[in-house]
Amino acid sequence: MNAPIRFMPILFFAFILAAEVPRANRTEEELRAGIILTAKKHLGALYRYGGMGARGFDCSGFAQFVYRENGITLPRSTVDQYEQGRKIDLADAKPGDLLFFKIYRNRVSHVGIFVDSDTFIHAPTWGKRVSFANMNLDYWRRTFVGAASYIGDAKRPEKDEDAPHAQVP
């Protein structure tokens, strides 16, 4: 009869030990890994214009959702995400940074989450699902505008119009 009560402290401490590192105490590397892990958990989710959650994502809603799940607030629109992020060179991008593209009407209109030197995760377009994309494909190289970061020294979401724009090597 008292056996279940005796195990309560053990279960409590097991829960505490199994809990992830609090967001505020994570290193930059842990934060970046968390962003990529969160993004990967949603591979296969449907594209939905204006979507920011379980029923589907558009590209900026996907980036905003993934970042929010990791304790970072992003602006909602792709343009604002690009303008308010700290511009970085593509060669300096790290996992979790954002990549931006001009796809519609010659304006910044698409965003993806950088994974490694040639891969990013994004919510592509109507009829597609959240997936990996290859930055080496001509389409992505041609439409690439720049990269931005909100992590580490880049947490200041102020416009930095003097920052150099990233170039695809």
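This is a predicted model: local features need pLDDT of at least 70, side-chain atom pairs count only at pLDDT 80 or more; totals for chains, interfaces and linings use all residues.
The chain contains five helices and eight strands, and 43% of its 169 residues are buried.

**Largest pocket**

- The space in the largest pocket amounts to about 460 Å³.
- A total of 23 residues line the largest pocket, and those nearest its centre are Y47, Y49, C59, Y104 and S109.
- Strand 5 contributes the most to this lining, supplying four residues.
- Sorted by class, the lining comprises eleven nonpolar, eight polar and four charged residues.

**Overall fold**

- Among contacts in the chain with a separation of 6 or more, 56% are between residues 24 or more positions apart.

**Helix 2**

- Helix 2 spans residues 28-41, a run of 14 residues.
- From its first C-alpha to its last, helix 2 reaches 20 Å, close to the 20 Å expected at 1.5 Å a residue.
- Its buried residues are L31, R32, G34, I35, I36, T38 and A39.
- In an α-helix there are 3.6 residues a turn, so residues three or four places apart point the same way.
- The buried residues of helix 2 pack against helix 3 (59-69), strand 5, strand 6 (119-122) and strand 8 (144-149).

**H110 in strand 5**

- H110 belongs to strand 5, which covers residues 107-116.
- Its relative accessibility is 3%, and H110 therefore counts as buried, the limit for that class being under 20%.
- A polar contact of 2.8 Å joins the side chain of H110 to the side chain of H122.
- Apart from neighbours within four places in sequence, H110 is in contact with C59, T78, L99, F100, F101, I103, H122, A123, P124 and W140.

- Although R105 is not a glycine, its phi is positive, at about 50°.
- R105 counts as exposed because its relative accessibility is 76%, where exposed requires over 50%.
- N106 also lies in the loop between strand 4 and strand 5.
- N106 is likewise not a glycine and has a positive phi, of about 55°.
- With a relative accessible area of 64%, N106 is exposed.

**G51, between helix 2 and strand 1**

- G51 sits in the loop between helix 2 and strand 1 (52-53).
- The relative accessible area of G51 is 0%, so this residue is buried.
- When neighbours within four places in sequence are set aside, the contacts of G51 are G56, F57, D58, G61, F62 and R76.
- The C-alpha atoms of G51 and F65 are 9.6 Å apart in space, and the two residues are 14 residues apart in sequence.

Technical notes. Residues are numbered from 1 along each chain as its sequence is written. Side-chain values use heavy atoms; hydrogens and water are left out. Helices (H or I, at least four residues) and strands (E, at least two) are DSSP runs, numbered from the N terminus. Buried means under 20% relative accessible area, exposed over 50%, partly exposed in between (1.4 Å probe, protein chains only). A polar contact is a pair of N or O atoms within 3.5 Å; within protein, one must be able to donate a hydrogen and the other to accept it, and residues adjacent in sequence count only if both atoms are side-chain atoms. Contact means heavy atoms within 4.5 Å. The expected span of a helix is 1.5 Å times one less than its number of residues. On a 1 Å grid over the protein atoms alone, a cavity is a set of points where a 1.4 Å probe fits but cannot get out, and a pocket is an open set with protein on both sides within 12 Å along at least five of seven lines; lining residues have an atom within 4 Å of a point. Grid points are joined across faces, edges and corners, and a volume is the space filled by probe spheres set on the points. Ala, Val, Leu, Ile, Met, Phe, Trp, Tyr, Cys and Pro count as nonpolar, Asp, Glu, Lys and Arg as charged, and the others, Gly among them, as polar.
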